[in-house]
Amino acid sequence: MAYKDFITINVIGIEEARARLGNIPDNIQTALTETQTLSEIGTILVGSAVKTIDAGGRPSPYKPLAASTVAAKIKKYKKNSGILIGRGTLRQSLDYEVSGGYLYLTSVGYLKYHQFEEGRTRANFPARPVWGVQEEDIPEITDIIIAGIKRNL
């Protein structure tokens, strides 16, 4: 079963603009929910998630695997393929979809056990989040949002 996660991005300055304007003009609101803008942001976030897995965690490294997990990986895959990497299923499943003005990040169902530590009942390993907006993503996402606003002026 696929895992679908809803992500909220706080666009810095929007709340201040709402307070000053009383309401965000329709063309700006449209820019923040249009398919093209959300798809471009989704592409950035998927690429960023892949980089996070490849780096072994970002901005902080993931906690190391337990010795028993390393041994199991070596037995199963003939090598220690790394944290969150076995056959590559999770990494290859990272995707997004845009629906109804929202961006949904999608992946295999078991990603939720890695993404969040709280609320897990069976998992006995630390959270190793994949989805997130990294500092390096912010300028590109900002440019995408600005381009979306310009398209809608």
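Is Glu-34 buried or exposed in this structure? Glu-34 is buried, with a relative accessible area of 18%, where buried means under 20% relative accessible area, exposed means over 50%, and partly exposed is what lies in between, for a 1.4 Å probe and protein chains only. The structure is a predicted model, in which local features need pLDDT of at least 70 and side-chain atom pairs count only at pLDDT 80 or more, while totals for chains, interfaces and linings use all residues. Residues are numbered from 1 along each chain as its sequence is written, and side-chain values use heavy atoms, with hydrogens and water left out.

We can begin with the charged pairs. Side chains of opposite charge can pair when their charged atoms come close. A salt bridge here is a side-chain nitrogen of Lys or Arg within 4 Å of a carboxyl oxygen of Asp or Glu, and by this rule the count comes to four salt bridges. One of them joins the side chains of Glu-34 and Arg-151, at 2.3 Å from N to O. This pair links distant parts of the chain, since Glu-34 is in the loop between helix 2 (26–33) and helix 3, whereas Arg-151 is in helix 7, 117 residues apart. Helices (H or I, at least four residues) and strands (E, at least two) are DSSP runs, numbered from the N terminus. Arg-151 is partly exposed, with a relative accessible area of 35%.

Another salt bridge brings together the side chains of Asp-54 and Arg-91, at 2.8 Å from N to O. Asp-54 lies in helix 3 and Arg-91 in helix 5, so the pair ties together parts that are 37 residues apart in sequence. Asp-54 counts as partly exposed at 47% relative accessibility, and Arg-91 counts as partly exposed at 32%. A further salt bridge is formed by the side chains of Arg-58 and Glu-136, at 3.1 Å from N to O. Arg-58 lies in the loop between helix 3 and helix 4, and Glu-136 in the loop between helix 6 and helix 7, so this pair ties together parts that are 78 residues apart in sequence. Arg-58 is buried, with a relative accessible area of 17%, whereas Glu-136 is partly exposed at 49%. Salt bridges that share partners join Lys-51, Arg-58 and Glu-136 into one network.

From here we can turn to the strands. Strand 2 (residues 95–99) and strand 3 pair in the antiparallel sense over five bridges, and two strands are said to pair if DSSP finds at least two bridges between them. In strand 3, the bridge partner of Tyr-96 is Leu-105, and that of Asp-95 is Thr-106. The hairpin of these two strands has two residues between them, and Gly-100 takes a positive phi near 60 degrees there. Strand 3 (residues 102–108) is mostly covered, with five of its seven residues buried.

What does the largest nonpolar core contain? A nonpolar core is a set of buried Ala, Val, Leu, Ile, Met, Phe, Trp, Tyr and Cys residues joined through side-chain atoms within 4.5 Å. The largest one has 24 residues, of which Ile-41, Leu-90, Leu-94, Val-130 and Trp-131 touch the most other members. Helix 3 (35–55), strand 3 and helix 7 (138–151) are the elements that give two or more residues to this core, and helix 3 gives the most, with eight residues.

The loops complete this tour. Arg-128 has its place in the loop between helix 6 (111–115) and helix 7, and Arg-128 is buried, with a relative accessible area of 5%. Contact means heavy atoms within 4.5 Å, and, not counting residues up to four places away in sequence, Arg-128 touches residues including Tyr-62, Pro-64, Leu-84 and His-114. Leu-84, found in the loop between helix 4 and helix 5, counts as buried at 13% relative accessibility, and its phi is near 65 degrees, a positive value in a residue other than glycine. Lys-78 is placed in the loop between helix 4 and helix 5 and has a positive phi of about 70 degrees although it is not a glycine, but Lys-78 is exposed, with a relative accessible area of 69%.
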